[in-house]
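Reader: Please present the structure, and then let us discuss its domains, helix packing, chain interface and backbone.

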Amino acid sequence: MSEIVVHLTVNGEARRWRIEPGDLLLDVLRREGYWGVKRGCETGECGACAVLLDGEPVNSCLMFAAQADGRELLTIEGVAPGDALHPVQEAFLDHGAVQCGYCTPAMVLCAKALLERSPQPSEAEVREALSGVLCRCTGYKKPVEAILAAAKAAPKPRGKTARRRRAER
Amino acid sequence: MFDRIRAFHRPTSVAQALRLFEAERRRGGRGRWVAGGTDLVVQRERALRWLVDLTRLPLGYVRRVRGGFVIGATTRMADIEHSKPLLGFADGILPEAASTCGSQQIRNMATIGGNLANASPACDLAPPLLALDASAVIAGRGGRRIVRLDRFFRGVNRTALNGGLLVEIVVPAPPKAAATGWSCQKLGRLQSDIAIVNAAAGVALDARGYCTWARIALGAVATTPLRARGAEALLVGRRLDRTAVEAAAEQAAAEAKPVTDVRGTADYRRAMCRVLVARALEECARHAGRTL
């Protein structure tokens, strides 16, 4: 088979992969050691393989690795530096939102994408953001509580408030 | 899974994509276009030898044109779902349909072109696009041709593409009228599931509430998405009231040719087709400012 080379960014680091033309992104990520990307149904239903592609959740089991060329990927390994935890991960621990943990990386990534888009989401928005990740043990109650708590605890955006902007005019 | 694929082409223009596709086709071996991959990968076609990727083509756009829209084929479901201009067009039936096309991750990958070209009888965007009289623009060796969507679907997973590339969808301006109303309905186990039955409708009413134009489109009740032309004809010239809605829903169900599968029996589908069309027309009336 004819090997191809792709250049991309994974967790902030430039990567050069030699891949087969028919390789799926999930397979290459796991081969490269990103084991936080879970192999689940492999038909796009369970969402355990979710990664952030340019900041948005996609199922890596349905994407060809060649399509990741020039793109930016984030896996659970990259949500916080070193041994530090992302606020959503902290909240998952505090709220007992993890049991077997298989769906947790995908849930954390979907939550992170949501909070970046909508820093103070409603419960309905949180549930919608998790609806593409199937959990078969913890359920959704505690993950939803954890994500809402993480949003509440987050420092308010540093931009000037509308009132201050008005006052300056 | 796709270990027999020997080439994955990544063109950046439509012309280049067509050249690559044609060269591969002459060389032989099974190959396909691919965009979001959410249907193609799941179909697990092991015989595939080559793919031409469309995600680098400049076909991700929603443009307003003369009261209607042109939507690029690789525009993702998520982009349609959140498109402000589309949310304000035809009571937002296109974003509404797109928002039910699988999970968030799927909608971040799946494209409008893939949704149509896959030609599933349950295709999420087909009923609203049929109700809007949309057409497909297809690029091929001989240039571009336009195929009305009601002639685009030819069977389960079969289309009028014939090796051509679906490049954009044209949605014409809806008819001018005193009032218009649109609706899109879907029945699935969950909102994001594949439809057991789906439907869309659009009506134009004159100042007295008489129907001057009507479209009723059905999905998952035949080998292709289809228009219920008999039911449409029944509405035109009539006042849009409860009796007319019931008669049209009955007629639409009679035009359906459903099959029995794991998601529902033919009888259930036909019964639900009547229910969804009635709901769609009731909502159209509401959106057009009428109480039934």
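Author: A crossing is termed left-handed if the near helix is turned anticlockwise from the far one by less than a right angle, and right-handed if clockwise. Helices (H or I, at least four residues) and strands (E, at least two) are DSSP runs, numbered from the N terminus. This is a predicted model, in which local features need pLDDT of at least 70 and side-chain atom pairs count only at pLDDT 80 or more, while totals for chains, interfaces and linings use all residues. Residues are numbered from 1 along each chain as its sequence is written, and chains are lettered from A and ligands numbered from 1 in the order in which they are written.

Reader: In which crossing does helix 4 of chain A pass helix 5 of chain A?

Author: Axes are lines fitted to C-alpha atoms, for helices over the stretch in contact, and angles run from 0 to 180 degrees between N-to-C directions. Helix 4 (residues 123–130) and helix 5 (residues 141–153) of chain A pack at an angle of about 120°, with their axes 10 Å apart. Helix 4 of chain A is therefore oblique to helix 5 of chain A (under 35 degrees is roughly parallel, over 145 roughly antiparallel, 65 to 115 roughly perpendicular and the rest oblique). The crossing of helix 4 of chain A with helix 5 of chain A is right-handed.

Reader: How many nonpolar, polar and charged residues are in the contact of helix 2 of chain A with helix 5 of chain A?

Author: The axes of helix 2 (residues 87–94) of chain A and helix 5 of chain A come within 8 Å and cross at roughly 130°. Contact here requires C-beta atoms, placed from the backbone, within 7 Å; A:Pro87, A:Val88, A:Ala91 and A:Phe92 in helix 2 meet residues of helix 5 including A:Pro143, A:Ile147 and A:Ala153. Ala, Val, Leu, Ile, Met, Phe, Trp, Tyr, Cys and Pro count as nonpolar, Asp, Glu, Lys and Arg as charged, and the others, Gly among them, as polar. By class, the contact of helix 2 of chain A with helix 5 of chain A has no polar, no charged and 10 nonpolar residues.

Reader: Which strand gives the largest share of the side of domain 1 of chain A that touches domain 2 of chain A?

Author: Chain A is assigned domain 1 (4–78) and domain 2 (87–153), with bounds from an automatic or database domain assignment. Across the boundary, 14 residues of domain 1 of chain A are in contact with 12 residues of domain 2 of chain A. Strand 3 (50–53) and strand 4 (56–59) of chain A each supply at least two residues of the domain 1 side. The largest share, 3 residues, comes from strand 3 of chain A.

Reader: Which strand of chain A gives the most to the side that touches chain B?

Author: In this interface, 23 residues of chain A are in contact with 22 residues of chain B. The most, 4 residues, is given by strand 4 of chain A.

Reader: Is B:Asp91 buried or exposed?

Author: B:Asp91 lies in the loop between helix 4 (84–87) and helix 5 (93–98) of chain B, and has a positive phi of about 55° although it is not a glycine. A residue is buried if 20 or more other C-beta atoms lie within 10 Å of its own, exposed if 12 or fewer, and partly exposed in between, with C-beta atoms placed from the backbone. Because 21 other C-beta atoms lie within 10 Å, B:Asp91 is buried.

Methods
Contact = placed C-beta atoms within 7 Å.
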